Amino acid sequence: MAVEVIKSNCIGCGACVQACPFDALDLVDGIAVVDPEKCTDCGVCVGVCPARALHLEESKCSPNSKEQSCNVKIKEKQVDNSEISKYKGVWVYIEHSYGDIADVSYELLGIGRKLADDLGVKLAGILLGSDVKDKTKDIFEYGADQVYLVDDPVLKDYRTEAYSHCVESLVDKYKPEIMLMGATTQGRDLAGYVATKLQTGLTADCTELAIEQESRLLLQTRPAFGGNVMATIVCKESRPQMSTVRPRVMPMPEKRPGNKGEVIEEKNTLQEDDIATKILEIVSEGGGLVYLDRADIIVSGGKGVGSKENFKILQDLADVLGGTVGASRAAVEAGWMEQSRQVGQTGTTVRPKIYFALGISGAIQHLVGMQTSDVIVAINNDPDATIFNVANYGIVGDLKKIVPELTKELKKRLQG
Amino acid sequence: MIKLEDKLFLNRYLTDDNNHINIVNRDECLVCVNKPCTYVCPARVYEWDEKEKRITIAYENCVECGTCRYVCPPHVIDWRNPRGGYGIQYKFG
Ligand SMILES: Cc1cc2nc3c(=O)[nH]c(=O)nc-3n(C[C@H](O)[C@H](O)[C@H](O)COP(=O)(O)OP(=O)(O)OC[C@H]3O[C@@H](n4cnc5c(N)ncnc54)[C@H](O)[C@@H]3O)c2cc1C
């Protein structure tokens, strides 16, 4: 059996030739021709033919050929729904450095709250560490209903084995349906390890998370192929559904002072001797490095700043606001700023609360690194500059005149 | 009209931190009359900065055609291929 060509209908477009996975079709004198040797009756060509010139009679399929086409199909795994429905609740892994909680964990509590509300379940934080009991207060104030706490001297430093072991045993015992972690060095390390151990699905670096109401599945959206495609991924058959999210992708939630919740304490079952990794020394990076991606306020200058000396007026503005100075590629190239301060495609991607674009034209390579900032303020003497398309506030004029005025006024208001 | 930068954004680059274009003797640029590098380059890598009196080099734009090497009258552009794996990565080129 092979697919049948209705010659009078065929327009010779070749769509079927392109579509056939088995090379069974060809165009001869402008008409599709089938090689019955190669045709497997898969029917792909029938679907793509715009002229209904291809026909596959199902009843004529021999049992043998049917079996063949079945082989191509991926076997649907039998999902045990009763097992999946045992998992309830949204968990956020609380990352901290000796009790100092990372902002990304609060951001995740924000989105976690929304997911939990949509599902009608509880939101919990997982806090592992040594002497961190008093930190639960902040976790509740940022929206958690519960905190699962393992407080043990063994957990003083972050170590993959110890932390993943705790997370795993908590999951096994309390069965959350969703687990979120920050896509930080620690989160990326832990998430992969935990997901593999739990034999569940993990989507890294998500930029959007939502619940599909009818199925209660977590829709995990992330950019793929260098950001040209947004892929939405679901984890249908195993629990928890795990995602990591980069810092500053989700907005910071409102703090609700006085919000309280339930602390569930668990014992750590791992002894120091069970852990192969020993920490000898923690070396801090020192203050010299620029953390553009963590700055809340960035004052960025471009070619329009005019000279290295003029960057001083940007520094003044940054100092008054407690911000960091950034730069466009053109300003870096001119030698006015170090490369570590470059924002954009080949520089750092930032999402501050406020981004000042001063004398920056808004080339696409710059925009991709800053356009998700919460508020963008642009100052440029060209009213047609592209930067004004993304700016929330814009001033047309000479930055050398405007910025010092702005700094003066802000100083007056902020410093009394 | 679509801007050159927007067109360059359609290219795929793996930008190296190492600059592969250098001007070996910038004094020559000061006396160069027409500065052909600034208008011959298809990716506008070279620009004359009137204030600083120097040619700026946006090397990450470079499409590696090599034209600049030939048009520079004093031949002061030291142009090398970017390191292996870096630079422009033509797809369906
Ligand atoms: C592969 C590749 C990667 C790149 N990566 C990056 C990147 O990571 N980051 C990046 O920034 N760029 C990057 N670029 C370069 C990018 O295309 C632009 O060339 C660059 O962003 C332009 O910087 P600019 O806006 O400072 O300069 P310009 O485009 O020259 O703009 C200067 C602006 O200042 C204004 N101005 C002038 N004087 C004044 C004044 N006195 N007061 C107020 N305004 C004034 C002008 O109107 C103009 O709008 C990349 C390019 C390529 C090809």
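The model is predicted, with local features requiring pLDDT of at least 70 and side-chain atom pairs pLDDT 80 or more, while totals for chains, interfaces and linings use all residues. Residues are numbered from 1 along each chain as its sequence is written, chains are lettered from A and ligands numbered from 1 in the order in which they are written, and side-chain values use heavy atoms without hydrogens and water.

Chain A contains twelve helices and 21 strands (DSSP runs of H or I, at least four residues, and of E, at least two, numbered from the N terminus). Of its 416 residues, 45% are buried (under 20% relative accessible area, 1.4 Å probe, protein chains only).

Strand E12 (residues 208–212) of chain A has A:Leu209 and A:Ile211 on its covered face, whereas A:Glu208, A:Ala210 and A:Glu212 form the uncovered one. Five bridges join E12(A) to strand E13 (residues 217–224) of chain A in the antiparallel sense (pairing requires at least two DSSP bridges). A:Glu208 has A:Thr221 as its bridge partner in E13(A). Four residues separate the two strands of this hairpin, in which A:Arg216 adopts a positive phi near 60°.

The ligand lies between chains A and B. Ligand oxygen atoms are placed 2.5 Å from a side-chain N or O atom of A:Ser328, 2.7 Å from one of A:Gln365 and 3.2 Å from a polar backbone atom of A:Gly347. The protein covers 86% of the 990 Å² of accessible area that the ligand has on its own (Shrake-Rupley method, 1.4 Å probe).

Key
Buried means under 20% relative accessible area, exposed over 50%, partly exposed in between (1.4 Å probe, protein chains only). A residue is near a molecule or strand if one of its heavy atoms lies within 4 Å of it. A polar contact is a pair of N or O atoms within 3.5 Å; within protein, one must be able to donate a hydrogen and the other to accept it, and residues adjacent in sequence count only if both atoms are side-chain atoms.
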